[in-house]
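Thank you all for coming.

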Amino acid sequence: MSTALEREARSVLQGNWREGERGGVPYAFTCPSVPRYRHQWHWDSCLHAVAWLRHDAARAREELRTVARAARPDGFIPHTVFWDHPARWRRRPLYATAGLRGSRETETIGPPLLAWAWERVGRGDPAFVAEGLPVLRRHLEWLRRERDLTGDGLLTLVLPDESGIDDSPRFDAVYGRMAHHRPGHVRLVLRFARAGWRAAAYAARHDEHLQDVWLSTAYAMSLHAMARMDPAGPWAARAAAVERALVERCYDGDEAIFWDLAGAARRPVRVATWSGLAPALLPGVPEGVRHRVLERQLGDPARFGAPVGVPSVSMAEPSFRPGFDAWRVWRGPSWVNATWLLAGAARELGHAAPWADGLAIAAAREGLREYYHPLTGRGLGARRFGWSALAAELSRA
Ligand code: GLC
């Protein structure tokens, strides 16, 4: 473990820390990066909290409490919350807010990692765990009611950025001109607004939506964590159902990867991105499948086996672009969060993860950037990026 990287992680987390009060509600969170990402994002905050654990456990708890405070009474938790800076109007279509001005949060969800993070931060702290249970229960029930449209545990996303993987090429064919990085995206946001931001109402009218492998994996991770915090609840059975659906419906045994399912017909979206590897994180996915996915994808230098991190898109995809793109993200570079998650699973299953060490080395050299070139390690995108603090935990060296 590099202590220089550890110091850099602490400095970024501290520098990006924001706290205050909005309308009598206190907030405290780490913003991902200034000036580009000033707000609070659900999954960023969950990963920040885990990174904070090594430096200041009280801040880890406060960050998660702030995510929970943004929950609505019905259990909806927004993808992005504008605590101390309003969403500027130009970004409004990207943020999917209810009004043109004055909205305090998006109407969209993000990868639901809150219960997963809450359990990690709450280890050895039963009072903190007990404090979280009511809101976590409501949130997990909301996801099941509002986003499990087929009843088998797979979650539907309407806007691509609900997966956190905004411009991934796996959305290109499904959304066409309405993809996140194209001007037609505004139309998609308006359609969702007209459906009252309800996925079922939207899906009854439009076919541009998908059952997302990463979103569903994050949900299962949270369900497993919830089962440990609230053993009497239905959570373990629900986690198992998600895992079963992922394996039965999304897994392609020939390719050793999981595909998202598009539209009402549940068409497999055969574009290989890191999201298709994510179910290897899940304990209830058969071990043989987890091994095969990791070996086949990360062990192959023509697919995901790059020297630096896990590329966000397979190097075998025609859409793979390893460098910086001013308009689009998640189309090739390696991100610390995905690499950190997959490194945990790979090592747990006894695989070497040289790509994780490669990313730690790049982060030590280049600073905590938003993402990195998977072949050269060059740091790209935003600087002093919050969840890249997890790079300090990547290296076994
Ligand atoms: C970008 C990323 C998204 C992240 C956000 C804040 O939009 O694509 O995943 O949550 O930035 O860091």
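Predicted model: local features only at pLDDT ≥ 70, side-chain atom pairs only at ≥ 80, totals over all residues.

Let me start with a question: is Asp300 buried, partly exposed or exposed? Asp300 counts as partly exposed, because its relative accessibility is 22%, and here buried means under 20% relative accessible area, exposed means over 50%, and partly exposed lies in between, with a 1.4 Å probe and protein chains only.

Residues are numbered from 1 along each chain as its sequence is written, and side-chain values use heavy atoms, with hydrogens and water left out.

Asp300 also has a charged partner, since Arg303 forms a salt bridge with Asp300 in which the closest N and O atoms are 3.0 Å apart; by salt bridge I mean a side-chain nitrogen of Lys or Arg within 4 Å of a carboxyl oxygen of Asp or Glu. A search of the whole structure finds 29 salt bridges, and one of them joins Arg249 to Asp152, with the closest N and O atoms 3.5 Å apart. Arg249 lies in helix α11, residues 235-250, and Asp152 in the loop between α6 (126-147) and β5 (156-157), so this pair ties together parts that are 97 residues apart in sequence. Helices (H or I, at least four residues) and strands (E, at least two) are DSSP runs, numbered from the N terminus. Within that pair, Arg249 is partly exposed at 47% relative accessibility, whereas Asp152 is buried at 18%.

Another pair is Glu208 and Arg191, where the closest N and O atoms of the salt bridge are 2.9 Å apart. This pair links distant parts of the chain, with Glu208 in the loop between α9 (199-205) and β6 (210-211) and Arg191 in helix α8, 17 residues apart. Glu208 is partly exposed, with a relative accessible area of 22%, while Arg191 is buried, with 13%. There is also a network of salt bridges, which links Glu62, Arg65, Arg69 and Glu131.

Turning now to the strands, β1 (residues 17-22) and β2 (residues 25-30) run antiparallel and are joined by six bridges; two strands are said to pair if DSSP finds at least two bridges between them. Arg22 has Val25 in β2 as its bridge partner, and the two strands form a hairpin with two residues between them, where Gly23 in the turn has a positive phi of about 55°.

Elsewhere, four strands make an open sheet in the order β5-β6-β9-β10, with antiparallel pairing. β5 and β10 (267-269) stand at the edges, each with a single partner strand, so one side of each is left without a neighbour in the sheet. Between β5 and β6 the antiparallel pairing runs over two bridges, and Leu157 has Leu210 in β6 as its bridge partner.

Finally, Leu277 sits in the loop between β10 and α12 (287-298), and Leu277 is buried, with a relative accessible area of 0%. Its C-alpha atom is separated by 8.7 Å from that of Ala256, 21 residues apart along the chain.
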